[in-house]
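Work through the exercises below with the sequence and the 3D structure open. Try each task before reading its solution.

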Amino acid sequence: MLPADLDDPRGIRRAFKGGSNAGWAPVQTPAEFDAVLMAQGLHPCHIGVWAAPAGQEAGIVHSVERMGALFTPPSRLAQLGLSLTGYWRRA
């Protein structure tokens with residue numbers, strides 16, 4: 001059961017703020033395949049997956065409407081109007 005209606009962005013934000021994380025725990029340092037929560041302004045609104053390809057800069061695999069799948073290093077999130085909110089690992 002999901003903690004919020006996926007078609008209701010405000011409900012999803014309320015679920016995150018209320019700690020309804022459905023088996024996910026926040027972590028300080030990401031590991032491969034951890035979830036990455038991102039925000040526009042103050043509101044969490046976007047999620048991706050942490051990837052650390054061998055010998056390459058680590059970053060986030062995510063999808064942006066009309067752009068498709070992207071690999072974005074955290075230092076470039078601002079170019080997409082996003083900021084990093086936190087990392088989450090399946091508990």
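Contact means heavy atoms within 4.5 Å. The model is predicted, so local features need pLDDT of at least 70 and side-chain atom pairs pLDDT 80 or more, while totals for chains, interfaces and linings use all residues. Residues are numbered from 1 along each chain as its sequence is written, and side-chain values use heavy atoms, without hydrogens and water.

**Exercise 1.** List the residues in contact with Leu82, leaving aside its neighbours within four places in sequence.

Solution. Buried means under 20% relative accessible area, exposed over 50%, and partly exposed in between (1.4 Å probe, protein chains only).

**Exercise 2.** Find the salt bridge and state what it ties together.

Solution. Step one: apply the criterion, a side-chain nitrogen of Lys or Arg within 4 Å of a carboxyl oxygen of Asp or Glu. Step two: the search of the whole structure gives one salt bridge, in which the side chains of Arg89 and Asp34 meet at 2.7 Å, N to O. Step three: Arg89 is in strand β6 and Asp34 in the loop between β1 and β2, so the pair ties together parts 55 residues apart in sequence. Strands are DSSP runs (E, at least two residues), numbered from the N terminus. Step four: Asp34 is buried at 4% relative accessibility, whereas Arg89 is partly exposed at 32%.

Note on methods:
Helix = DSSP H or I, 4+ residues; strand = E, 2+ residues; numbered from the N terminus.
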